[in-house]
Amino acid sequence: MSELQRLPVDSQKTETIPILKAENKASRTLAELKGIAKVIPNQSILINAVVLQESQDSSEIENIITTKDDLYKALSETVKKTDSATKEVMFYREALYAGFTELKKHDFISINDIVNIQKVLVRNDAGIRTLPGTKLVNDRTNELVYTPPQTKKEIDGLLKNFTEYLNNDDDTLTKLAVLHYQFESIHPFYDGNGRTGRIINILYLILKQHLDIPILYLSSYIIRHKDLYYELLQKVRTEEAWEGWIIFILKGIEETAAETIRKVKAIKELLDNTIEKVKSEAPKIYSKELVETLFENPYCRIEFIVKALGVERKAASRYLHRLEDIGILRCIKVGKDNLFINTGLMDLLKN
Ligand SMILES: Nc1ncnc2c1ncn2[C@@H]1O[C@H](COP(=O)(O)OP(=O)(O)OP(=O)(O)O)[C@@H](O)[C@H]1O
Ligand SMILES: [Mg+2]
């Protein structure tokens, strides 16, 4: 067993011409996404939409399969009996937010933050591995793929090196690929290493100001190319094949940034069209806050409108039914509650 090397990696491996070219393309597309996100007046509209998508995709890698309808229903908090897959996605989302909130507070990512993210995610206090025995095996063939560091002392040392490198001044996207390999190879937890690593990816982009808010569907790219993802990770270990791995991740950033740009533009267009429609067909009830609330909560409850607009329940209910009449919302009953679905937005999010 060859020991896991500490960071940084020799720059001859990570600064080849193809890597630098891919770095350039990815960072340009990501910069465009950062700029375009600002066209949405209310950033929580975007955060809600993208974070839920990312949470769903990232959890799916672990075979946690949910539908968007279930997820948004769960978000509207009327469903008491949320199924376990939906809960897992909600935990992922909560863990991502927890990491984002800490990052905003102190502008770096500590070992403690990482431990906390994983804890929110897996809902137990096990923390960093203390018992030996964790191995990575191929789930089809059951073959041993890799044995990560086994002692707490080794893991702690490697994590210290990992966070020092993560927080240093270098802010390239190539570094994200290096970090992701390293984190997965340290494999500090009994479970949730993949999901925690994918949350760190997004937080890194915010830490290094490539993005202001956690909006990139990088996990969707990883699931689409799951086999290649595993293969390239492993080839870094067995062949020091950094270039293939780094370019794979850089391409993923570029592709998913481009996808997210299209999504942001589509949301903006739908928002503008909805505003125009309400203004012309239901002018008496129109307000910017009303429409934005429907975009922040694609499954909207009467209470959300009461809270956002400071109106009586009766008025809020009347507004929502009026919007149903003009074809913007669809009302469904869940238990005793009415939920109003922003159908245009749900179609767009599900596409
Ligand atoms: N050969 C390998 N070298 C390094 N890391 C690997 C290798 N094979 C798999 N991994 C990492 O291990 C992760 C799985 O670990 P774990 O089960 O602890 O995480 P998870 O979040 O529960 O699962 P998942 O990532 O499948 O959602 C993978 O996502 C991958 O990042
Ligand atoms: Mg797992």
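**Helices, domains and a ligand shell**

Pro8 is located in the segment before α1. Helices (H or I, at least four residues) and strands (E, at least two) are DSSP runs here, numbered from the N terminus. The peptide bond between Leu7 and Pro8 is cis, with an omega of about 5 degrees. Most residues other than glycine have a negative phi, and most peptide bonds are trans.

The structure is a predicted model, in which local features need pLDDT of at least 70 and side-chain atom pairs count only at pLDDT 80 or more, while totals for chains, interfaces and linings use all residues. Residues are numbered from 1 along each chain as its sequence is written, and chains are lettered from A and ligands numbered from 1 in the order in which they are written.

The expected span is 1.5 Å times one less than the number of residues in the helix. Which residues of α2 are buried? They are Ile19, Ala22, Glu23, Ala26, Leu30 and Leu33. Viewed down the axis of α2, these buried residues fall within an arc of 105 degrees, so they line one face of the helix. The arc is that of the directions from the helix axis to the C-beta atoms. An α-helix has 3.6 residues a turn, so residues three or four places apart point the same way. On the other side of α2, the residues Ile17, Lys21, Arg28 and Gly35 are exposed. A residue counts as buried if 20 or more other C-beta atoms lie within 10 Å of its own, as exposed if 12 or fewer do, and as partly exposed in between, with C-beta atoms placed from the backbone. The buried residues of α2 have α1 (11-14), α8 (173-186) and α12 (242-281) as their packing partners.

The next view takes in the whole chain. Its domain assignment gives domain 1 (11-264) and domain 2 (282-350), with bounds that come from an automatic or database domain assignment. Taken over C-alpha atoms, the centres of domain 1 and domain 2 are separated by 33 Å. Each domain brings 14 residues to the contact, where two residues are in contact if their C-beta atoms, placed from the backbone, lie within 7 Å. On the side of domain 1 that touches domain 2, α3 (43-61) and α4 (68-75) each supply at least two residues. The largest share of this side, five residues, comes from α3. By class, this side of domain 1 holds six nonpolar, six polar and two charged residues. Ala, Val, Leu, Ile, Met, Phe, Trp, Tyr, Cys and Pro count as nonpolar, Asp, Glu, Lys and Arg as charged, and the others, Gly among them, as polar.

α3 has 19 residues and reaches 27 Å from its first C-alpha to its last, close to the 27 Å expected at 1.5 Å a residue. After α3 comes Asn63, whose phi is positive, near 60 degrees. Ile223, in helix α10 (residues 218-224), touches Asp57, Glu60 and Ile61, not counting residues up to four places away in sequence. Ile223 and Glu60 are 163 residues apart along the chain, yet their C-alpha atoms are separated by 7.6 Å. Ile223 is partly exposed, with 14 other C-beta atoms within 10 Å.

Asn297 sits in the loop between α13 (288-296) and β3 (299-300). Is Asn297 buried or exposed? Asn297 is buried, with 23 other C-beta atoms within 10 Å. Leaving aside its neighbours within four places in sequence, Asn297 is in contact with Ser76 and Phe304.

Turning to ligand 1, 16 residues surround it, the closest being Glu62, Glu184, Asn193, Gly194 and Arg195; a residue is near a molecule or strand if its C-beta atom, placed from the backbone, lies within 6 Å of it. β2 (144-146), α8, α9 (193-207) and α11 (226-239) each supply at least two residues of this shell. The largest share of the shell, four residues, comes from α9. Six nonpolar, six polar and four charged residues make up the shell around ligand 1.

Asp107, in the loop between α5 (84-106) and α6 (111-122), has a positive phi of about 60 degrees although it is not a glycine. Asp107 is exposed, with 10 other C-beta atoms within 10 Å. Glu240, in the loop between α11 and α12, also has a positive phi, near 50 degrees. Glu240 is partly exposed, with 13 other C-beta atoms within 10 Å.
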